[in-house]
Amino acid sequence: MSALLFLAQDSPAKETLPQINYPAILPVLIILGAACVGVLVEAFLPKHQRWSAQVFLTLLALVAAGVALAFYMTDAPADGATTLAGSVAVDGPALFLWGTLLALSLGAVLMIADRSVEPGGAFVATAAIRPGTIQDREQRLGAHPARRDAARFGMQTEVFPLTLFALGGMMVFCAANDLLTMFIALEVLSLPLYLMCGLARRRRLLSQEAAVKYFLLGAFASAFFLYGLALLYGYAGSVRLEAIANAAAGSDRSDTLLFAGMALLIVGLLFKGSVGPFHAWTPDVYQGAPTPITAFMAACTKVAAFGGILRVLSVGLESTQWEWRGVMWGVAIVSMIIGAVLGLTQTDIKRMIAYSSIAHAGFLLIGAIVLSPAGVSSTLFYLLAYGFTTIAAFGVISLVRDADGEATHLSQWAGLAKRSPLVAAVFTFLLLALAGIPLTSGFIGKFVVFSAALSSGMAPLVVIALVASAIAAFFYLRVIVLMYFSEPAPDGPSVTVPGAFTTAAITLGVVITLLLGIVPAFALDWAGTGTFAVR
Amino acid sequence: MLEPASSSSGGAALLVALLLIPLVGAIVVAFLRDNDRLAKQVALGFSIVEFVVMVISWISYDPSGARMQQAFSVDWIPTLGVHLSFGIDGIALVMIAALALLVPVIIGAGWTDKLPADRSAGAFLSLILLQQAITVGAFAATDVFVFYVLFEVMLIPMYFLIGQYGGARRQYAAVKFFLYSFLGGMIMLASAIGAYVQAADTLGEGTFDWATLVQVVSNAPLENQIWIFLGFFLAFAVKAPLVPLHTWLPDAAAEAPITVSVILIGVLDKVGTFGFLRYLLPMTPDASKTLAPLVLIMGVAGVIYGALLATGQRDMKRLLAYVSIAHFGFIALGIFAFSAQSETGAVSYMLNHSISTGMLILVVGMVIARGGSSLIADYGGLAKITPALAGVFLVAGLASLSLPGTNSFISEFLVLVGSYGNEPVYTIIATVGMIFAALYILWLYQRIFHGPVRGNALVDVTGGPGTAIAPEVGARKAILDLSGREKLVLAPLLVLVLGIGFYPKPVLDVITPTVDATLSSVGISDGGN
């Protein structure tokens, strides 16, 4: 922390305590505070009370943070505010992203808390037990088979505080106004995610593999980010986005430092947003992680990463946009093509959604590099729309199961509509939303992003994006074909009747996907209020 | 809740009813999954009410009145300048009328159809009515955004209709249909956004209002117009399949249930040619004129190609699909020849094609329902068993090849006469297609209905004792002539084929003012020559 202050301080002459605008950052404080309390709960409460206490605490924190956010927004300054010595900017986009993150986390936490879909919850009790041993079998099947209730399985309830820590990191990440704060937030959001990826109750090896892959590649990306940060500090003499922007606008220092730093920094950010060609971790991690965590990552990490990308590009690097725009065009195209084309070849539904998320990252990147107010607001809207659709989609995926847990192989989904018409209908709706069919939020999102891009002269990119959407539509359609037009396999999976928690999460996602598709005006207006605060 | 737009000439309630009746019907019928009979009755009821409202709407339509009648507009997404605006002109009216006519007819025609196992009539008819509601909306939309939304959503019921109720290769056909149209729609979205951005640049704020966009885009530089034209054109050319974007139609038509084919070929595909008239010509007049040769080549190629392939088909349903491809080429020729006569001919062809081809598909469906096969080679001499069916088939076939006295004749004649003045070469080539039309229709009729009774569909080769009526091969299967229900279903179409054939004035009266308005927006106002 002292290093942070030292770097953030332009003149080390006199240390003064920074002014802190507590109401503005109260939502973050609530989330991080609740996370700390959650750790204490883990330490002091007996095992059988932890789940209910943690669920209560987590939901309470989310709601309280949401209330604090709403309260602050009623009289927030129109052009935003910075606090903590200018290291955190609480402005229009940040408030929108915070609201989005809190709402999405609510959905994800509901799924994490569910113990009826997978008896005992999707998380293993003791992750350190080696897969394949007797102890592992015991904790998977339940230590006391005589007890029929969910509690007999036990569950790693530390996921709740870990989720809150990750969420807190994400919130800081998309409000960070200097690169060092951003880096710390990046670590705070990443480390819990690495852990949580390895906690799946079923398919332990796959889950652990996912965790290790995510950790190793994530560490690389963090290193890239840090390296870029260091170079930019060398160039601008400050880690503040505003100072970097000023230095880049009028400076005779070596451009090599600037460009190299910029490139490395952006690579680190694109990795988190799973933008191709920095997407390599995405399919494996999405597949291996417990599905509620996949939903959390797919929705919230995407929001946070693109929140960060938007801020860095708009505030820090806007004046150099002619240098990086061409490269970003290329990255967006590569991401869309990789996502759409490789998605065609997938046979696992979670991997398929992962490639879909890579294609969507490409679309989002188009919005992010427009840099106009319309570009920012359309990207924000897209994030909101995409997040809810994804959460609900993973919620449905977690319901389709056979004896070995989730039935994620596509062939197992054949004829699902005959056995569970409602689940099939809901999933069809979500797939159509991902494909961007009108009357879903996905269409409005694509529409606003593409119109922002078109009005800033990016017509070729838009056409490529539309063609990529059409290609991607094929693999969404394939699932619909399987569910509706194919005969069910005789020993196919059954659909678990979801408990209240997962039902709530899916309902939340579906309702918002529909609402944003039919009456998007409110969210569009909200996304369009306020611009990035610089100081 | 509904605030009539200032341009409204009253009667908005009629259009609202036209939009809502099938929608409400779809929802109600969707709940009748357990009772097939009741579902059919209710669906038929809704479709007949829709037909009646359509008739009232037609009567209250004033051909000499405002361009858009029965119009209304409600705010939808103010941030984007999107309004739920609907209104009908003469062209939209005849297409909505064709749909309102065909839906009760196909519900009646499919009354005894066997659905695949586990599928209920309620779900099927609900999709049909939903399709009707969305398609009416697409014809009536006067906001480009709303049109685009409905244009895309239109795919979903049809996708399920083909994919769930179709033939052996229905999965392939449904996905192919969806992807072709969706890709076209996506490209059109780029153009729609382009038009929106053009309006934002010109007016200071974006809008999707059709009339405003026509104003703005038609005054835009030619280069912009060409890009906007190409996006819309691609989507419409996939929909009204012009060669070479047609390959989805034979598959879709062959795999879809007969009744669905009637809707698909009879009305849905006309959204494409409708789009030419409503969006391409007024919005991008300069580009339309510049790129007319492209469309004309595609149209004429379709006429010849469709005719040749129709002649060579062995499957009746595929044959009809290729016939339609030829007809759509013909309509495109009429539209892009830019004369009042050819244009009027093309629009009336859109209606008459719905009636005559719809009838032909239904009759072919009745043949297939009797023989259980759609291969032409499985039939022969059917006229001896079912003379009434043969008679109706012949009338529908002759209407399809535009014999004088049938409804299509006047349309085809107008297209040829009108096009010859501006585009003699293309017109002469297209006329060759008419010769083929006689060939493939009459040859089809001859193979199925004339000669000795033969073919696997009609004759049981293994033979049954004592029932051998046909001397040369096995026993003739028990096949009945048209039932009372089938006669009832075909009667209105038959009446219209002959009625419009002899007295086309009511149709032409409705169409002509809208066609003149469309042409004057392209800069041709002399009323043809």
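Mentor: In this predicted model, helix H13 (residues 321-344) of chain A packs with helix H19 (residues 459-485) of chain A at an angle of about 15 degrees, their axes being 8 Å apart. Axes are lines fitted to C-alpha atoms, for helices over the stretch in contact, and angles run from 0 to 180 degrees between N-to-C directions; helices (H or I, at least four residues) and strands (E, at least two) are DSSP runs numbered from the N terminus.

Trainee: How do H13(A) and H19(A) run, roughly parallel or roughly antiparallel?
Mentor: H13(A) and H19(A) are roughly parallel to each other, where angles under 35 degrees count as roughly parallel, over 145 as roughly antiparallel, 65 to 115 as roughly perpendicular and the rest as oblique.

Trainee: And what is the make-up of the contact of H13(A) with H19(A)?
Mentor: The residues there divide into 16 nonpolar, two polar and no charged, counting Ala, Val, Leu, Ile, Met, Phe, Trp, Tyr, Cys and Pro as nonpolar, Asp, Glu, Lys and Arg as charged, and the others, Gly among them, as polar. Among them are A:Trp329 and A:Met336 of H13(A), and A:Phe474 and A:Phe475 of H19(A).

Trainee: Switching to chain B, at what angle do H1(B) and H4(B) pack?
Mentor: Helix H1 (residues 12-30) and helix H4 (residues 121-140) of chain B pack at about 160 degrees, with axes 8 Å apart, which makes H1(B) roughly antiparallel to H4(B). Their contact has 15 nonpolar, five polar and no charged residues.

Trainee: How many residues of chain B are in contact with chain A?
Mentor: 27 residues of chain B are in contact with 24 residues of chain A, a contact meaning C-beta atoms, placed from the backbone, within 7 Å. On the chain B side, H7(B) gives the largest share, 17 residues, and the classes are 19 nonpolar, five polar and three charged.

Trainee: What conventions apply?
Mentor: Residues are numbered from 1 along each chain as its sequence is written, while chains are lettered from A and ligands numbered from 1 in the order in which they are written. Local features need pLDDT of at least 70 and side-chain atom pairs count only at pLDDT 80 or more, whereas totals for chains, interfaces and linings use all residues.

Note on methods:
Contact = placed C-beta atoms within 7 Å.
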